[in-house]
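User: I am new to this one. Please show me the structure, and then let us go through it.

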Amino acid sequence: MSNPETSQVMSLPLPPANYVNLYTDEHIRKNRAPRPPMPCSESYSMFGNTFNNDDTIIRPLEQQGFRRLYPQHFDRKKELKKLNHSLLVNFLDLIDFLVHNPDNSRRAEKVEDLSLLFVHIHHLLNEFRPHQARETLRVMMEMQKRQRIETAHRFQKHLEKVREIIKNAFSSLPDKTDEDNKLIVPTEWMELNNEFAAGESNQDPCHPHDRLMCSIVDNM
């Protein structure tokens, strides 16, 4: 039978903070913990922006509503240097406007240009994220491989040491051939003992007086 409190807790849509507060060890033990949130089916919101599940990880600038300042095919290193120089020049122009003519209308244009340049630089850097993730994973796997190889080598060295110790222990044992020979009973003694036992078994165990009385009784 289901607990009404449990079903009520599980059916309520919970914000992340409330979900964390309700997902405690006591609630898990009493089977009152809320169910995990359902996966997003179409779109989700992050940092105030709406994203679709079928969107690419790094969307082009045109899809984000920004004007592209570099061509489709380019060298990222050169474009980053050019954007950095343009950023410095526009920043100096903005300072010049603020010093000589703060009310100039081009001041807002320079601010927008600086913002667009920062967006392009940020976009170019984000395009390196998949490559960075692959390289990070590759380095982690190489480190794990190197650690496992070193562990295997250390284990092999310890195994060789143990084998050497066991070999030295066996070689240092005393030779027990002489002691074993002392414990061996000569075969001649065994044959004499067997003959003596056989002779004793062939002797009549009956006493002579008993045999005499038996013969008298038989003759009556």
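This is a predicted model: local features need pLDDT of at least 70, side-chain atom pairs count only at pLDDT 80 or more; totals for chains, interfaces and linings use all residues.

Analyst: Residues are numbered from 1 along each chain as its sequence is written, and side-chain values use heavy atoms, with hydrogens and water left out.

User: How are H4 and H5 oriented to each other?

Analyst: Helix H4 covers residues 76–100 and helix H5 covers residues 106–126. Helices here are DSSP runs (H or I, at least four residues), and strands are E runs of at least two, numbered from the N terminus. The two axes, lines fitted to C-alpha atoms over the stretch in contact, lie 9 Å apart at an angle of about 160°, on a scale from 0 to 180 degrees between N-to-C directions. Angles over 145 degrees count as such, so H4 and H5 are roughly antiparallel.

User: Is Lys81 buried or exposed?

Analyst: Lys81 lies in helix H4. Its relative accessibility is 52%. Buried means under 20% relative accessible area, exposed over 50%, and partly exposed in between (1.4 Å probe, protein chains only). Lys81 therefore counts as exposed.

User: Which residue has Arg76 over its face?

Analyst: A charge sits over a ring if NZ of Lys or CZ of Arg is within 6 Å of the ring centre and within 35 degrees of the ring normal. Arg76 lies 5.8 Å from the ring centre, over the face of Phe128.

Definitions and conventions
Angles under 35 degrees count as roughly parallel, over 145 as roughly antiparallel, 65 to 115 as roughly perpendicular and the rest as oblique.
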